[in-house]
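Welcome! Here is a short briefing to read alongside the sequence and the structure.

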Amino acid sequence: MVPTAQSFPFRTSLSLAPLVDYWLEREQSTNAGVALLAQAVGAQVAQAPWITQPVADPKLLEEHCDLVETLMLAVFPPASLSTDISGAVGPFQRRSFFNTQLFRDIMLNKDGLVKQPLNIDMATMERQLGLMAYQLVLQRVYGTELPALGAIVFTVPDYKIGLYRHYSVGFDSTFVRVRVVGEAPPLSDEQRETLLHNRHRPEVWQAMLPAEHFELEGFNVLRLADVTEQEILSELKYDLLERDVLQTPARFEQIQEKLRVLFAQPALQLGIAAYDEKKKAFMDFGRKINHSFLTKQVQHQAADSSFRQIYQRLLSNREPLVLKDLATSDLPEDLREQIIGLGIRSAILALLPYGNDTVGLLELGSPDVGGLDEFDMDTVAQFLPLFAVAVKRNAEDQQTRVQAIVQQKFTAIHPTMEWRFTDAARNLLAQFDEGNRTAEMEAIVFEDVYPLHGSCDIRGSSTVRNEAIQGDLMEHLTLANKVLKKASEYQQLPILDELKFYVSKNLKRLREGLLSGDEANIYDSLKREVEPLFEYLATHTVELRPVITNYWQNIDARLGILYKRRKDFELSITTLNDAVSDYLDEEEDKAQLMFPHYFQRYKTDGVEFNIYVGSTLVQDKPFDLVFLKNLRLWQLLTMVEITRRTAALKPMLPVPLDTTQLILIHGQPLSIRFRQDERQFDVDGAYNIRYEIIKKRIDKATVQGTGERLTQPGTIALVYAQSREAVEYYEYIDYLQDRGMLAPGVEELELEELQGVKGLLALRVRVQL
């Protein structure tokens, strides 16, 4: 705790001479009793001349403890020895040569040295004491007074209860003399002013008043006051003002630990339950974190259970319930047994009031009979409002998060059609107000809307993915095989031969192709049988460490597998998908300005998007087919740009992948319905289902007579069912060819019959890259 004088090289010495002088001055006191006592002390001092000299060996003080105790009567009155927390230490020393019993219990270790506080490191303490010493020098040598430094609080472990306590520490330097070594360094008024404005910068003081010019002789008196309650309440105030403080187990545990310190009970349990006004019940608080040690029991009780009766009593009386001894309390027997079964023998249950409302319940439980009683309510009352504010704010934040998640994850309400859902909700509320409590939400159907569908697919992604998995597996097995072969040169273990056979067998099979289940089975065997052996070999055979180290260097530390080709493949997929998605989102914002419409985009091995547009989707805005034409041309332009962007990305990808682009043309309007079970829109009606079937199957379509895949890299395929549906698109294609965005020529193709779908036609155009 107390530093040496190394950083602040003051000359120091432990001495009782200042205290001896104090007594000698009192021999002529006008107070007869004080003078008589001082004369008696002076007689003892006269027989011990060593007492006025610096004390090099503390054992000397122990040998003359009677004289030391007599002298210390001026500092430690006998009546204070059992109540004060005080101790005397030499300047810049850790050993206390005289102290009260409480000081010994709290601040000294078994060697009689002052403990290091938990909250202050050595460097900080040394800096603080150095500044205090300089302040003493300025006062005693140069006659300049400075305001006292800020209060110091020690956090000290209390080994009796296994917790810690906070103590405010006062340093009394009454019996410290400051001697000048040589000549005192001159100090101008300007320098004094500089020191006053830099009182917390020891390097400035050391430069102007080198410590080696001063000697500190005597002793300091440390006087401690227990400020645990004030410190804990202050910490709780700031902790409970933070967001999410009651939402995570770690933060909640910190709060509980501080209450344990406040009540000096290491096994104190804290519980908090939020009160749901709608359900008229206490609930577990936070993100499925059971902060309440009682409400968990309540959730499994019948409505008339004893627990619920207790909570109802709390709500009715609005007074805390103090259970000093649960075993002898007048609680119902089943209630007593359940609480005692939780390891609690005394408890306090208090409502958390927020204005006129109840926002929650605070629970304190102690394993000791009488550990909590009515006298603790004064303490509880001080922090109860803090918990009430925290629970209220966290409950509001929780509700906001819940609503945000619902909007983001579950409620697929596009801004374009939000008005329709609002109307349906109002109609439902109107029926409730009229007394129809069984009313249900009306169907949300939009009729006569025109669909547009487009997709950007990654060609052969499944094949490339399997090849990447196969390649990583083979390299992983090859690395393992190298270790096993090398190990056979140093260890004659039958298991090595068996494992080499297993690895070689799987390598041979993988060269022929990847089967379903190969990946999981091989990695499972490597984890369970091969890699534990490597750990043994690395420990016991030094020669094998390089090859085993090489093996682990090739293994992904997070996944525990060789992850090279798949990583490159997945990075390539992600790069393409993100590029397409970001561009689509950017262009979609522009398309909404043409005419509001429903837009849906989702990623697979590629990106697909759906658009629905029509008069029924919007409110108070006339729809004309010219808007549909604009969106169709926008869609074709967008697909051209996507083709160009993905082709430009190909050389930069770890795995060069091609994309294919497809547009489904559907000339007739259809109906879409919001399906509440899936929280999304789908086409409505048997006839319209054919559109969904075509949309799901055309990506695998082939050209009739050739078997060639319709979709090809660098091209855009436009699929349709009726010849008249393609007329409009010929105009768009001609326009884009004239602008140099599409290559000359249009392929007119018939498609092979798909499952359940036949008679489809297609146009295919090549994009000018």
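Predicted model: local features only at pLDDT ≥ 70, side-chain atom pairs only at ≥ 80, totals over all residues.

Residues are numbered from 1 along each chain as its sequence is written, and side-chain values use heavy atoms, with hydrogens and water left out. Helices (H or I, at least four residues) and strands (E, at least two) are DSSP runs, numbered from the N terminus.

- Helix α10 covers residues 249–263, and its 15 residues should span 21 Å at 1.5 Å a residue, which agrees with the 21 Å between its end C-alpha atoms. The expected span is 1.5 Å times one less than the number of residues.
- The buried residues of α10 are Phe 252, Ile 255, Gln 256, Lys 258, Leu 259, Arg 260, Val 261, Leu 262 and Phe 263. Here buried means under 20% relative accessible area, exposed means over 50%, and partly exposed is in between (1.4 Å probe, protein chains only).
- Ala 264 sits in the loop between α10 and β9 (269–276), and is partly exposed, with a relative accessible area of 32%.
- Arg 318 has a phi near 60 degrees, a positive value in a residue other than glycine. Its place is the loop between α12 (306–317) and β11 (321–323), where Arg 318 is partly exposed at a relative accessible area of 40%.

**Two pairs of packed helices**

- Two packed helices are described by the angle between their axes and the distance between the axes. Axes are lines fitted to C-alpha atoms, for helices over the stretch in contact, and angles run from 0 to 180 degrees between N-to-C directions.
- Helix α16 (residues 461–488) packs with helix α18 (residues 518–540) at about 30 degrees, their axes being 11 Å apart. The two are therefore roughly parallel to each other; angles under 35 degrees count as roughly parallel, over 145 as roughly antiparallel, 65 to 115 as roughly perpendicular and the rest as oblique.
- The crossing of α16 and α18 is left-handed, meaning that the near helix is turned anticlockwise from the far one by less than a right angle, while clockwise would be right-handed.
- Helix α21 (residues 625–649) and helix α23 (residues 723–738) pack at about 50 degrees, with axes 11 Å apart. That makes α21 oblique to α23.
- The crossing of α21 and α23 is right-handed. Among the residues making this contact are Leu 636 and Leu 637 of α21, and Tyr 732 and Ile 733 of α23. By class, the contact has nine nonpolar, one polar and three charged residues. Ala, Val, Leu, Ile, Met, Phe, Trp, Tyr, Cys and Pro count as nonpolar, Asp, Glu, Lys and Arg as charged, and the others, Gly among them, as polar.

**Two buried residues**

- Asn 577 belongs to helix α20 (residues 565–594) and is buried, with a relative accessible area of 6%.
- Leaving aside neighbours within four places in sequence, Asn 577 is in contact (heavy atoms within 4.5 Å) with Ile 458, Lys 603, Thr 604, Asp 605, Gly 606 and Val 607. The C-alpha atoms of Asn 577 and Gly 606 are separated by 5.8 Å, although the two are 29 residues apart along the chain.
- Val 55 lies in the loop between α2 (32–46) and α3 (59–63) and is buried, with a relative accessible area of 9%. Not counting residues up to four places away in sequence, Val 55 touches Leu 14 and Leu 61.
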